[in-house]
Amino acid sequence: MATTHENVPIKTAPSAEAPSRRSFLARLAGILAATGAALAAWPMFRSLVPNVLYEPPKRFRIGLPDNYQEGATFLEKHRLFLFRSGASFHAISGICTHLGCTVKFAPFGSPREETVRGYTFRALGEFHCPCHGSKFRGEGTNFAGPAPRPLTSFLLELSPETGELVVDVAAEVSRDFRLVV
Ligand code: FES
């Protein structure tokens with residue numbers, strides 16, 4: 001209650017801007033109720049969303065054979081090497097079998113004939129892993145460092161619809177596999 005200079009008491013109207021204690025409590029109760037309802041509904045909502053892990057496809061097209069030059073081409077997106085020798089193609093994984101780093105292809109000055117584990121082939125170079133020093137022969141066999149096994153060779157096919165090369169990284173093939181187009 002305020003007073004005038006003449007000490008006459010004057011009633012002051014309550015401020016319209018200051019929220020009353022009651023409306024504040026009502027709003028708080030509303031927020032708490034909405035939060036509780038949302039938390040209660042969450043398991044039901046979550047059950048409607050399938051628990052699926054989305055992975056990249058295991059089988060994919062990588063373009064026409066003629067798009068590839070002789071020798072090795074690294075497909076960064078798929079982390080694999082595509083090799084071409086004339087009409088013959090094969091694909092080797094670029095993922096190190098130690099801890100999964102991407103290996104690099106180190107080409108020789110000129111191709112050389114090599115025999116590894118009884119298999120003779122025309123080697124264009126070898127693979128080196130920059131992480132812990134593993135090395136792999138040109139057909140994928142590990143020969144230095146901690147890598148426990150060879151690089152994987154993948155199935156290559158030709159799409160009957162488009163004529164493009166198709167890699168199937170779910171299908172491992174032997175290191176002497178070649179697709180001739
Ligand atoms: S990840 Fe390749 S040597 Fe360790």
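Predicted model: local features only at pLDDT ≥ 70, side-chain atom pairs only at ≥ 80, totals over all residues.
A residue counts as partly exposed when the number of other C-beta atoms within 10 Å of its own falls between the buried level of 20 or more and the exposed level of 12 or fewer. Arginine 79, with 15 other C-beta atoms within 10 Å, is therefore partly exposed.

**Overall layout**

- Reading from the N terminus, the elements follow the order β-β-α-β-β-β-β-β-β-β-β-β-β-β.
- Among contacts with a separation of 6 or more, 41% are between residues 24 or more positions apart.

- Strand E4 (residues 71–75) and strand E5 (residues 80–85) run antiparallel and are joined by five bridges.
- Within this pairing, leucine 75 has leucine 80 of E5 as its bridge partner, and alanine 72 stands opposite phenylalanine 83 in E5.
- E5 also runs antiparallel to strand E6 (residues 88–93), here with six bridges.
- Phenylalanine 81 finds its bridge partner in E6, namely isoleucine 92.

**Turns and backbone angles**

- The hairpin of E4 and E5 has four residues between the strands, and arginine 79 takes a positive phi near 55 degrees there.
- In the hairpin of E5 and E6, two residues lie between the strands, and glycine 86 has a positive phi near 65 degrees.
- Most residues other than glycine have a negative phi.
- Against that background, arginine 79 is worth a look, having a positive phi of about 55 degrees although it is not a glycine.
- Arginine 117 is another case to inspect: its phi is positive, about 50 degrees, and it is not a glycine either.
- You will find arginine 117 in the loop between E7 and strand E8 (119–128).
- Arginine 117 is exposed, because 9 other C-beta atoms lie within 10 Å.

**The open sheet**

- Strands in the order E7-E8-E9-E10 make up an open sheet of four, with antiparallel pairing.
- Strand E7 (104–116) and strand E10 (142–144) each have a single partner strand and stand at the edges, so one side of each is left without a neighbour in the sheet.
- At the E10 end, two bridges join this strand to strand E9 (residues 135–136), and the two run antiparallel.
- Lysine 135 has alanine 144 in E10 as its bridge partner.

**The largest nonpolar core**

- This core holds 19 residues, and those touching the most other members are Leu80, Phe81, Leu82, Ala91, Val103, Leu156 and Val167.
- At least two core residues come from each of E5, E6, strand E11 (153–158) and strand E12 (165–173).
- E5 supplies the largest share, with four residues.
- Valine 103, leaving aside neighbours within four places in sequence, is in contact with Gly94, Cys96, Phe127, His128, Cys129, Phe136 and Leu151.

- Serine 153 has its place in strand E11.
- With 22 C-beta neighbours inside 10 Å, serine 153 counts as buried, since the cut-off is 20 or more.
- Not counting residues up to four places away in sequence, serine 153 touches His90, Ala91, Ile92, Gly140, Glu172, Val173, Ser174, Arg175 and Phe177.
- Glycine 140, one of these, is 13 residues from serine 153 along the chain, and their C-alpha atoms are separated by 7.7 Å.
- Isoleucine 95 lies in the loop between E6 and E7.
- Isoleucine 95 has 17 C-beta neighbours inside 10 Å and so counts as partly exposed.
- The residues touched by isoleucine 95 are Arg79, Gly100 and Thr102, again not counting residues up to four places away in sequence.
- Arg79, listed among those contacts, is the residue from the opening, found in the loop between E4 and E5.
- Isoleucine 95 and histidine 78 are 9.8 Å apart in space, C-alpha to C-alpha, and 17 residues apart in sequence.

Conventions: Residues numbered from 1 in each chain as written. Contact = placed C-beta atoms within 7 Å. Pairing = 2+ DSSP bridges. Core = buried A, V, L, I, M, F, W, Y, C linked by C-beta atoms within 7 Å.
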